[in-house]
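Subject: Structure for you to look at, with notes

Dear colleague,

I am handing over the structure we spoke about, and would be glad if you could read the notes below with the model open beside them.

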Amino acid sequence: PAGCRAGAAALRLRAPPPLAQRARSFRTSAAALATQQFKLADIGEGIAEVTLTELFVKEGDMIKEMDNVCSVESDKASVELTSPYTGRVTKVFPKLNDTVKVGSVLIEVDVGGAG
């Protein structure tokens, strides 16, 4: 029947365009990808904040993945944190003896030239 064909044609017109033609809603530049933030992760046991007791890096230092970044302490634990990134430390946020909350940025690392 003609009505069914008209309905099918209308459905075809509403179908999404092929993936190659769709506009992407998320774009980022290479420069933004070159800097990674290392944040204080949840170290367990309900700890919400820690005291920074020692810094092993400073701005401008080259670090490798698994290098020690800092030592933190709470009333329940003392932990040395290691870097998840290889690159140059561009910014150190907390200062010695600062109280740092879980989720806070500890350092920024430029990983652009790292390989």
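This is a predicted model: local features need pLDDT of at least 70, side-chain atom pairs count only at pLDDT 80 or more; totals for chains, interfaces and linings use all residues.

Once neighbours within four places in sequence are set aside, serine 78 is in contact with Ser71, Val72 and Glu73. Serine 78 can also be placed relative to leucine 52, which is 26 residues away in sequence and, from C-alpha to C-alpha, 9.8 Å away in space.

The partner strand deserves a look next. Serine 71 belongs to strand β4, and here the relative accessible area is 8%, so that serine 71 counts as buried. Its contacts, again leaving aside neighbours within four places in sequence, are Thr51, Leu52, Thr53, Glu54, Phe56, Ser78, Val79 and Glu80. Strands β4 and β5 themselves form a hairpin with 4 residues between them, and they pair in the antiparallel sense over 5 bridges; within this pairing, asparagine 68 stands opposite threonine 82 in β5.

Stepping back to the whole chain, the secondary structure of the protein amounts to 2 helices and 8 strands, and along the sequence these elements follow the pattern α-α-β-β-β-β-β-β-β-β. The protein has 115 residues, of which 23% count as buried, and it exposes about 8,000 Å², with carbon and sulfur atoms supplying 53% of that area. Among the contacts between residues at least 6 apart in sequence, 56% join residues that are at least 24 apart.

On the sheet, I would point you to an open one of 4 strands, in the order β1-β8-β6-β3 and with antiparallel pairing. Its edge strands are β1 (35–39) and β3 (62–63), each of which pairs on one side only. At the β3 side, the pairing with strand β6 (residues 87–92) is antiparallel and runs over 2 bridges, and isoleucine 63 stands opposite glycine 87 in β6.

Which residues touch the most other members of the largest nonpolar core? They are Cys70, Leu81, Leu106 and Ile107, in a core that holds 17 residues. Strands β2 (49–55), β4 (68–73), β6 and β8 (105–110) each supply at least two residues of this core. In soluble globular proteins, nonpolar side chains tend to be buried together. For leucine 106, the contacts beyond four places in sequence are Phe38, Lys39, Leu40, Cys70, Leu81, Lys91, Val92, Phe93, Pro94 and Val100, a list that includes Cys70 and Leu81 from the core residues named above.

Lysine 91, which is among those contacts of leucine 106, lies in strand β6 and counts as partly exposed, at 35% relative accessibility. Not counting residues up to four places away in sequence, lysine 91 touches Glu59, Leu106, Ile107 and Glu108. The C-alpha atoms of lysine 91 and glutamine 37 are separated by 9.3 Å, although the two residues are 54 apart along the chain. The charged end of lysine 91 sits over the ring of phenylalanine 93, at 5.6 Å from the ring's centre. As for pairs of aromatic rings, the count comes to 0.

Finally, two backbone values may be worth checking when you go through the loops. Most residues other than glycine have a negative phi. Glutamate 45, in the loop between β1 and β2, has instead a positive phi, near 55°, and at 58% relative accessibility it counts as exposed. Methionine 66, in the loop between β3 and β4, likewise has a positive phi, near 80°, and with 59% relative accessibility methionine 66 also counts as exposed.

With best wishes

Methods
Residues are numbered from 1 along each chain as its sequence is written. Side-chain values use heavy atoms; hydrogens and water are left out. Buried means under 20% relative accessible area, exposed over 50%, partly exposed in between (1.4 Å probe, protein chains only). Contact means heavy atoms within 4.5 Å. Accessible areas come from the Shrake-Rupley method with a 1.4 Å probe; for residues, only the protein chains shown count as cover. Rings of Phe, Tyr and Trp (its six-membered ring) pair if their centres lie within 6.5 Å; planes under 30 degrees apart count as stacked, over 60 as edge-to-face and the rest as tilted. A charge sits over a ring if NZ of Lys or CZ of Arg is within 6 Å of the ring centre and within 35 degrees of the ring normal. Two strands pair if DSSP finds at least two bridges between them. A nonpolar core is a set of buried Ala, Val, Leu, Ile, Met, Phe, Trp, Tyr and Cys residues joined through side-chain atoms within 4.5 Å.
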